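Here's a quick tour of one structure, starting with a pair of helices and moving on to some rings. Have a look at it first.

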Amino acid sequence: GGRMTANADILWKMIVQGLFEDLVLFALPELHAAVNWDKEVKFLDQEMPKIKEPRKRGIRYVDVLASFYLKEGEESLILLHLEIQDDPIDTPIKLSKHMFQYYIRIRDKLEKDITSMAFLIGEANDSGIHHEENFGTKITYEYNVLHIKGLDAQKLEQSSNPFALAALAGQKVIEAKGNDLQKLNFARELFRLLKAHGYSPQKTTALFLFLEGIFEPKSKELLKEYTKEVDQMICNQELPMVMTPTIRRWCKEAEMEGELKGKLEGKLETARNMLSRGMGILLISDLTGLSIEEITALEEKE
């Protein structure tokens, strides 16, 4: 891809971690109500047991394991298994066995209560049940399922939960089926929604980077156009963003600084004229937005 590794795995993992509380509120409201959100949520990437499984073509997955505290003071875990499909395939994935094995291993290793959820980004759906039976020995394991494709798009659009916007993007990516022009139109639509919602700078930035990466067109021509639009959006500060180093870099410092320098020169010129007409420093500061120090410096130069 272009500037971002347009890698669906990384993007989804990033948004799940970046909007974790919103995701829990969205998908598991009862859990959300039980968590003490004043305490830090930790992502236990290094704790994830390395389970090597042959991956079928077109299926990729990511697991997120987070630990947090409940209001009762107990430490608890959530296991999110993200199933990411690039191309729709016919075989339903045997997710349930994977979910069960993970549950057993994590429970064994970390000895905490676990809430698990299969998080499906693609065509396939899942029953949320794993059942094994062997001569009178039976086990049934049930877990939560969040099927992005099956969610009501209209509700997602109207929701004030930032995670709903990520889910909507997930649906649009499936709908676009790799068609670059359609991806571009969906991206525009979602950026418009992002602006309209007015989330905090942190959440806006997380969603912006997610959308930017997930809709990135493959065609060089379109990518140029897309990059230009994306840069303009941030660099004109149309969105309240956290200016991360990545984003700053995108804003082509030279251009930006050139413009800012030009603006400053103009303001100083105006202030000089005002001073020569005998206007007060406070008033000049008010009208030009320059600091008292900057205007005093001009006065001393005169």
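The axes of helix α6 (residues 162-176) and helix α8 (residues 201-214) come within 10 Å and cross at roughly 5 degrees. That makes the two helices roughly parallel, because angles under 35 degrees count that way. This is a predicted model, where local features need pLDDT of at least 70 and side-chain atom pairs count only at pLDDT 80 or more, while totals for chains, interfaces and linings use all residues. Residues are numbered from 1 along each chain as its sequence is written, and side-chain values use heavy atoms, leaving out hydrogens and water.

Who touches whom? With contact taken as heavy atoms within 4.5 Å, P162, L165, A166, A169 and V173 of α6 meet K203, L207, F210, L211 and I214 of α8. The residues of this contact split into 9 nonpolar, no polar and 1 charged.

Now for the rings. The structure holds 11 aromatic pairs (ring centres within 6.5 Å; planes under 30 degrees apart are stacked, over 60 edge-to-face, the rest tilted). Here are two of them:

| Pair | Centre to centre | Angle between planes | Type |
|---|---|---|---|
| F119 and F163 | 5.9 Å | 85 degrees | edge-to-face |
| F191 and F208 | 5.2 Å | 40 degrees | tilted |

F119 sits in strand β4 (residues 113-121) and F163 in helix α6, so their pair ties together parts 44 residues apart in sequence. F191 belongs to helix α7 (residues 180-197) and F208 to helix α8, so that pair links parts 17 residues apart in sequence.

F119 is buried (under 20% relative accessible area) at 0%. F163 is buried at 0% too.

Terms used
Axes fitted to C-alpha atoms, helices over the stretch in contact; angles between N-to-C directions. Helix = DSSP H or I, 4+ residues; strand = E, 2+ residues; numbered from the N terminus. Parallel < 35°, antiparallel > 145°, perpendicular 65-115°, else oblique. Nonpolar A, V, L, I, M, F, W, Y, C, P; charged D, E, K, R; others polar. Phe/Tyr/Trp six-rings, centres within 6.5 Å; stacked < 30°, edge-to-face > 60°. Buried < 20%, exposed > 50% of the residue type's maximum accessible area, 1.4 Å probe, protein only.
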